[in-house]
Amino acid sequence: MKKIGIFDSGVETPEEIIMAAGFVPFRLFGDPTIQPEKANEHIPPTHCIWTRNLLELAIAGLDEDIVGIVSSHGCDRTNREFDIWLECLNYKFMFFLNSPRKRDDVALKFFIDDLNEFKDQLQDTFNIEITNEKLKASIHKMNKIRALLREISEYRTKYMLKGSQFHALVKKIQQLPKDEALSLLEIRLKDLKASNDLIAKEMKPILITGSDIDDTEIIVLLESLGFHVIIDDLGVGTKYFWNSVNENEPPVEAIAKYHLSKPILSTKFPSYERYNVLENLAKKYEVAGVINIAQKFCEPVLYDHPYLKKKFKELGVPYLFVEMTYNRESYSQLNTRFSAFAEMI
Amino acid sequence: MSATEKSGKTQHNKMLNATQGLKNIMGRHFLAIEQAYRDGKPTAWATSGSPVEMLYAMDVQPMLPENSATVSAAQKYSQNFIELAEAEGYSYDLCSYFKTNVGAVLSNAGMAEGGTRKPTFMLSTDVICDTHVDWFQVQAEKFNVPHYSIDVPHVVSNTTNRQYNYFKKYVTEQLYEFIEFIQEVTGHEYNEEKAKQVSENSWNLSKVWQDIYELRKCIPCPISTRDTFGGLFPLFTMPGLKEPIKLYKRMYKEAKERVDNGVGALEKEDFRLMFEGIPFWYNLKYFGQLERWNAIIVYEPYTYAFSKYMNPKVTKEMVLNKPIEAMAELMLSFWYVYDLETRIKKFEETVRDWSIDGVLLHNNLSCRPNSCGMYDLKRHLMDDYDIPCLIIDADMNDPRKLNETQTLNQIESFIEILRQRKKA
């Protein structure tokens, strides 16, 4: 089945529209075992290493079933780099989705316009028809996936599912054809319901936030140091399934509202509202600490960090901020800081 | 090699006499800010690229912290302020304007040091960068003042006209909403007549600046960056006022006299350069060193960009009669942040029209939106149009990030390439 590649530093791409067009929404992830070389001929090395990594993979050649790319408005990097992707890749469908920075009624109207444009360009490029019925069916399917993910996520709280296992699962769901994703989730949930296995209870429950982390090995590293990611604020995580699309509203409008009502990303305004979500999560899941992980040069997260630090200090919840380089070889450098934090909490 | 180069002696660069008036004009701007405080008049911080005209039209005194940050740099305070901000947790990799402002506020710096007063409200937009929005979010929270942000959709190389139209609608609606915001915060009403007057002044100011730039096409070039780097400030701090128009007209008149008499800013002009990016405000003298090779910068997209009326769809009639719609159109077509395809085309045209020998591209470590795409821009200019380019790594406000000697050596080698090309 043909796919539309998604280059998104958050999770604001309307997968339902891609599905209704007859394609598999396929989110692009990086590969932290490689170094950007070709990408460095296009983007200075002082820019986000994660987006350079994605460009490197794209130049080398993406999944052969991919027939087009959509990039969603994220930070300055993903926005400006779209033109470079246009330079480097040769797909007949390349769309930049301007998911708005703001979330009010004016922004909502604009987002609906932009989603309709995305839909129209898909139709025009591939000579297909995206009907409301198809959109509603896709929304229904995605809502089922989200509901299952929400339910499975709670097994982290019951210490029956590792954070790394859940992270790997969400990542997989963002690339699989959605029927397969649905079956996989149903089986996983059934297994969890039938299981009595507990992961080590003495692990320290933490909340992680920051740049979108797409390498599960970071979570594995945290677990090896005694942490349990009981909850997260990530795109490869709760932001992907936080709520559901209203199935009783006109589909495109409902999709727009869904994305603008999710917990706000650091790339949006006012990003300080992130703290309210984080505080609620920290309290609800009784976390022992919060770890905020910024990819090197990830400006939106770097801007928010001092505010989050101040607020968590006021709240009395231990908070650790680290900058990481998207390269597995460099992860060991984080060991010391993570270990010291584990000692502290 | 000329005798001047052999002796290593720098030629005198003739700044326009009229440019000396800039100090007075900017002094009046800062006095107006002080006066607004004394009178209890509303004030607003605004980011560059935002519709400052609307503030003047609604009798709100604008302050531009970016302008203040350049003052800090020129007065050699910026590094200290930046380090103070870093001690607060703001990364080494974040914008040096932002950190200069954070440090200046923490230090209670006066205006002469690049300090800024607490405003009645803040106005930001992401037209140039995300940093502007994040920066004002940080400071609005600190000062506990309202903050209005205008979200400007990102125009990319394959944006269609159909998309552009609803982008414009989105920005326009926000601008009308911003008027309501000002009314609510200040109690000031929107006055169409005043808006028209401000718009006309802004148009006239920009047009004179563009006329000055037209004179820079002449060989020898009558004006150097000594006039333009500082000369740009009224464009983004005082668009809508009459005083800076008079200054620019004096600059134009004097430059025209030079052109008429065949006099250039340099005694001898061998190389004509373009400089892309924001200059090093902490070391403007650095650019004077180009004179040792009889090289002169004749065009800077950055200083030209702020004379915003260059979109042919935005006529004077539109600016006067539909200022909000015109502003929305302009915010979507700002020279400094053109999409890559337009940027390449515009650079090529500019190089041709201004008879430019080579392009210096500032990979500004503080301004990633500007430096993003620079490598492709360079490659296209060199490969497609045979235009020599040099990328230099530095920072606009953080002196720690400029390696003076190394950069100068790079420029010297670049000039040598230009010299060889001329000989060929």
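## Strand β5 of chain B and its partners

In this predicted model, strand β5 (residues 271–276) of chain B is joined by four bridges to strand β7 (residues 358–364) of chain B, and the two run parallel. Within this pairing, B:Glu276 stands opposite B:Leu361 of β7(B). Four bridges also join β5(B) to strand β6 (residues 295–299) of chain B, again in a parallel arrangement, and here B:Met274 has B:Tyr299 of β6(B) as its bridge partner.

How many of the six residues of β5(B) are buried? Six of the six are, so the strand is largely enclosed by the rest of the structure. Burial applies to both directions in which the residues point: B:Phe271, B:Leu273 and B:Phe275 point one way from β5(B), while B:Arg272, B:Met274 and B:Glu276 point the other way, and all are buried. Charged residues are thus found among the buried positions of the strand, including B:Arg272 and B:Glu276.

## Helix α2 of chain B

Just after α2(B), B:Gly40 takes a positive phi of about 70 degrees.

The buried residues of this helix are B:Leu22, B:His29, B:Ile33 and B:Ala36. Because they cover an arc of only 65 degrees around the axis, they lie on the same side of α2(B). In an α-helix there are 3.6 residues a turn, so residues three or four places apart point the same way. The buried residues of α2(B) pack against several elements of chain B, namely the strands β1 (43–46) and β2 (61–63) and the helices α10 (225–231), α11 (233–237) and α12 (243–260). On the other side of α2(B) the exposed residues are found, among them B:Lys23, B:Asn24, B:Gly27 and B:Leu31, together with B:Glu34, B:Gln35, B:Arg38 and B:Asp39.

## Contact between chains A and B

Which chain gives 43 residues to the contact, and which gives 40? Chain A contributes the 43 residues and chain B the 40. On the side of chain A that touches chain B, the elements giving two or more residues are α3 (76–88), β4 (93–97), α4 (105–126) and α11 (299–315) of chain A. The largest share of that side, ten residues, comes from α3(A). By class, the side of chain A that touches chain B has 21 nonpolar, nine polar and 13 charged residues.

Definitions and conventions. Residues are numbered from 1 along each chain as its sequence is written. Chains are lettered from A and ligands numbered from 1 in the order in which they are written. This is a predicted model: local features need pLDDT of at least 70, side-chain atom pairs count only at pLDDT 80 or more; totals for chains, interfaces and linings use all residues. Two residues are in contact if their C-beta atoms, placed from the backbone, lie within 7 Å. A residue is buried if 20 or more other C-beta atoms lie within 10 Å of its own, exposed if 12 or fewer, and partly exposed in between; C-beta atoms are placed from the backbone. The arc is that of the directions from the helix axis to the C-beta atoms. Two strands pair if DSSP finds at least two bridges between them.
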